[in-house]
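Please read it with the structure open beside you.

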Amino acid sequence: MTTKELGEIVKNTRKAQGLTQPQLAMACGTGVRFIVDLEAGKETCQLGKALNVIQTLGLALDLRAIG
């Protein structure tokens with residue numbers, strides 16, 4: 001998964017739940033700028049904050065070893 005793909009999933013899920021970026025930011029305890037950057041696929045977004053957003057949206061990551 002790329003950061004762009006993750007951003008798209010976050011954005012689509014947020015919209016499907018009827019949330020605005022400011023509403024999601026408030027629910028996660030982050031700034032709106034972080035949500036904007038995460039949805040845009042910015043590679044330097046903080047992992048801990050990104051995981052918090054994912055959890056807040058009711059999403060889960062499934063990590064597996066490749067190879």
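1. Let's begin with Arg33, which is exposed, with a relative accessible area of 56%; exposed means over 50%, buried under 20%, and partly exposed in between, using a 1.4 Å probe and protein chains only. Please keep in mind that this is a predicted model, where local features need pLDDT of at least 70 and side-chain atom pairs count only at pLDDT 80 or more, while totals for chains, interfaces and linings use all residues. Residues are numbered from 1 along each chain as its sequence is written, and side-chain values use heavy atoms, with hydrogens and water left out.

2. Arg33 and Asp37 meet through their side chains in a salt bridge (3.0 Å, N to O), the term being used for a side-chain nitrogen of Lys or Arg within 4 Å of a carboxyl oxygen of Asp or Glu. Both lie in helix H3, four residues apart, about one turn of the helix; helices here are DSSP runs (H or I, at least four residues), numbered from the N terminus. Asp37 is buried, with a relative accessible area of 14%.

3. Asp37 also has a salt bridge with Lys42, with 3.6 Å between the closest N and O atoms. Lys42 is partly exposed, at 42% relative accessible area. Through shared partners, salt bridges join Arg33, Asp37 and Lys42 into one network.

4. A further salt bridge pairs Glu39 with Arg14, where the closest N and O atoms are 2.5 Å apart. Glu39 lies in helix H3 (residues 32-40) and Arg14 in helix H1, so the pair ties together parts that are 25 residues apart in sequence. Both Glu39 and Arg14 are buried. The count of salt bridges comes to four.

5. One last stop is Leu61, found in the segment after helix H4 (47-56). Leu61 is partly exposed, with a relative accessible area of 46%.

How values were computed:
Helices (H or I, at least four residues) and strands (E, at least two) are DSSP runs, numbered from the N terminus.
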